[in-house]
Amino acid sequence: MIDDKTRLIGLIGEDTRKTSSPFIHNKALEIVAKNYAYLAFDVKDNLDKVINGLKYMNIKGLNITIPYKEEVIGYIDELDELSNMMKSVNTIKFDNGKIKGFNTDGLGFYMSLKDEDIDLKNKNILILGAGGAARGIAFALSFKENSNIDIVNRNYKKAQDLVLDLRSNFKDKEFKFNAISNLNLKNSKYDIVINTTSLGMYPNENKTPILIDGFKSTCVFCDIVYKPHETLFLKEAKKKNHKIIYGINMLIYQALLAQEIWFDYKFEDINLVKEGILKDLKSN
Ligand code: ATR
């Protein structure tokens with residue numbers, strides 16, 4: 001219940017009407033009994049006024065979404081190592097007059113794999129797509145683990161740009177790029193395949209980025225699309241008895257990791273909180 005002790009956290013973006021973030025955050029706050037309220041705000045090109053004003057409103061922190069994840073860096077006093085490498089911030093914390101920046105997007109994905117005990121050490125990972133989500137995931141996985149990452153995209157130039165950026169940040173790791181149309185999956189080496197394209201998401205529910213064919217039986221398939229819950233890509237992988245990871249897990253974990261930053265604590269059992277949110281999200 002909101003009372004005189006309730007403090008505000010929230011999300012700023014351009015069009016947050018359909019976001020699940022308020023539901024996820026408020027549910028987590030309810031589960032761990034924290035007296036905060038999470039609200040979403042569309043800031044309509046007024047990022048400077050909003051951030052400078054919020055500094056004086058005793059707010060704990062904010063998530064930042066499209067299109068402000070890069071622009072917000074101009075207002076930040078201290079970036080953590082990963083967000084500094086990525087030059088993209090999805091979480092800010094107001095801390096003793098300072099604004100600190102973080103990025104939990106890709107780390108949320110990383111958590112969704114760890115959750116399922118998926119070993120990432122020296123594994124071959126294929127990322128489909130080279131947009132903002134692919135970037136977050138590739139940086140977080142490289143930051144956390146020693147795995148080989150290949151990135152393929154419809155526009156291969158974007159895959160190339162992302163790979164060059166990764167190579168300059170992680171000099172001891174291997175990255176390759178290709179056009180998605182050139183992908184040869186015969187006897188494929190991949191251990192994990194991640195769809196970060198919008199194929200499979202409404203209104204493209206009947207589309208899938210690649211055919212699930214030629215993969216090792218142990219290959220794990222992940223999607224970051226969470227509406228629909230089970231994309232065609234995941235359905236096809238499931239039909240062939242591959243392990244699959246749903247996109248909703250990344251969304252929930254990036255939110256929970258942001259709360260850990262704001263509240264300076266670790267959830268005792270983060271998986272249990274995730275499951276609690278998931279249960280209510282599905283029936284919502
Ligand atoms: P996000 O932030 O979710 O990653 P984005 O930056 O707009 O969103 O990236 C969308 C990704 O989906 C891109 O990799 C895009 O490929 P292009 O760079 O070639 O546009 C991919 N994508 C979107 N529609 C696609 C389609 N019809 N076929 C293949 N890839 C598609």
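Pro203 lies in the loop between β10 (192-195) and β11 (220-223); strands are DSSP runs (E, at least two residues) and helices are DSSP runs (H or I, at least four), numbered from the N terminus. A cis peptide bond, with omega about 0°, joins Tyr202 to Pro203. The model is predicted: local features need pLDDT of at least 70, side-chain atom pairs count only at pLDDT 80 or more, and totals for chains, interfaces and linings use all residues. Residues are numbered from 1 along each chain as its sequence is written, and side-chain values use heavy atoms, with hydrogens and water left out.

Lys227 and Pro228 are also joined by a cis peptide bond, with omega about 10°. Pro228 is in the loop between β11 and α7 (232-239). Most peptide bonds are trans, and most residues other than glycine have a negative phi.

Positive phi values occur at several positions. Asp45 is not a glycine, yet its phi is about 60°. Asp45 belongs to the loop between β2 (36-42) and α2 (47-54). Asp45 is exposed, at 67% relative accessible area; exposed means over 50%, buried under 20%, and partly exposed in between (1.4 Å probe, protein chains only). Asn241 has a phi near 65°. Asn241 sits in the loop between α7 and β12 (243-245). Asn241 is exposed too, with a relative accessibility of 69%. Ala33, which follows α1, has a positive phi near 55°.

Helix α1 spans residues 21-31. Its buried residues are Ser21, Pro22, Ile24, His25, Lys27, Ala28 and Leu29. Residues three or four places apart in an α-helix point the same way, because there are 3.6 residues a turn. Ile9 is part of strand β1 (residues 7-13). Ile9 is buried, with 0% relative accessible area. The C-alpha atoms of Ile9 and Tyr36 are 6.8 Å apart, although 27 residues separate the two along the chain.

A polar side-chain atom of Arg154 is 2.8 Å from an oxygen atom of the ligand. For Lys158, a polar side-chain atom is likewise 2.8 Å from a ligand oxygen atom. A polar backbone atom of Ala133 lies 3.0 Å from an oxygen atom of the ligand. The protein covers 66% of the 650 Å² of accessible area that the ligand has on its own, by the Shrake-Rupley method with a 1.4 Å probe.

Note on methods
Polar contact = N/O pair within 3.5 Å; in protein donor to acceptor, adjacent residues only side chain to side chain.
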